[in-house]
Amino acid sequence: GVARKRLAAALEHAKEIAGRVRDKAVEGAKAADEAVREHPYQAIAIGVGVGAILGYIVARRCSRNCD
């Protein structure tokens, strides 16, 4: 009985946290969408830059460890 109550309380707490995380994610997605719509070329440039940096890092790591 006690374990069931503790489990139910933990589940309820987890649901509350998940709801808050979901709400923050939705707010962040809306803000990102608005920023991209206001500055599309800057968003593309940032995406290309981040992709190039990640590609460089991955290629460098693979050239060291893939032999």
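How many salt bridges does the structure hold? The structure holds 2. Keep in mind that this is a predicted model.

**Overall build**

Start with the whole chain. The protein chain has 2 helices and 0 strands. Its radius of gyration is 21 Å, well over the 11 Å that the globule rule gives for 67 residues, so the chain is more spread out than a compact globule. A box drawn along the principal axes around the C-alpha atoms is roughly 55 × 45 × 5 Å. Of the 67 residues, 1% count as buried. The accessible surface of the chain is about 6200 Å². Carbon and sulfur atoms account for 64% of that surface.

**Charges and salt bridges**

Next, the charges. The chain carries 12 positive and 8 negative side chains. The centres of these two sets lie 11 Å apart. Side chains of opposite charge can pair when their charged atoms come close. Here are the two pairs.

| Salt bridge | N to O distance | Relative accessible area |
|---|---|---|
| E16 and R20 | 4.0 Å | E16 41%, R20 48% |
| D33 and R37 | 2.9 Å | D33 37%, R37 64% |

Take E16 and R20. Both sit in helix α1, which covers residues 2–38. They are 4 residues apart, so about one helical turn separates them. E16 is partly exposed. R20 is partly exposed as well.

Now D33 and R37. This pair also lies in helix α1. The spacing is 4 residues, about one turn of the helix. Are the two partners buried or exposed? D33 is partly exposed, at 37% relative accessible area. R37 reaches 64%, so R37 counts as exposed. The cut-off for exposed is over 50%.

V50 has a relative accessibility of 45%, so V50 counts as partly exposed.

**In short**

The chain has 2 helices and is more spread out than a compact globule. Helix α1 holds the pair E16 and R20 and the pair D33 and R37.

Key:
Residues numbered from 1 in each chain as written. Predicted model: local features only at pLDDT ≥ 70, side-chain atom pairs only at ≥ 80, totals over all residues. Heavy atoms only, no water. Salt bridge = Lys/Arg side-chain N within 4 Å of Asp/Glu carboxyl O. Buried < 20%, exposed > 50% of the residue type's maximum accessible area, 1.4 Å probe, protein only. Rg over C-alpha atoms; globule rule 2.2 N^0.38 Å. Areas by Shrake-Rupley, 256 points an atom, 1.4 Å probe, with all protein chains shown as cover. Lys, Arg positive; Asp, Glu negative; His and termini not counted. Charge placed at Lys NZ, Arg CZ, Asp CG, Glu CD.
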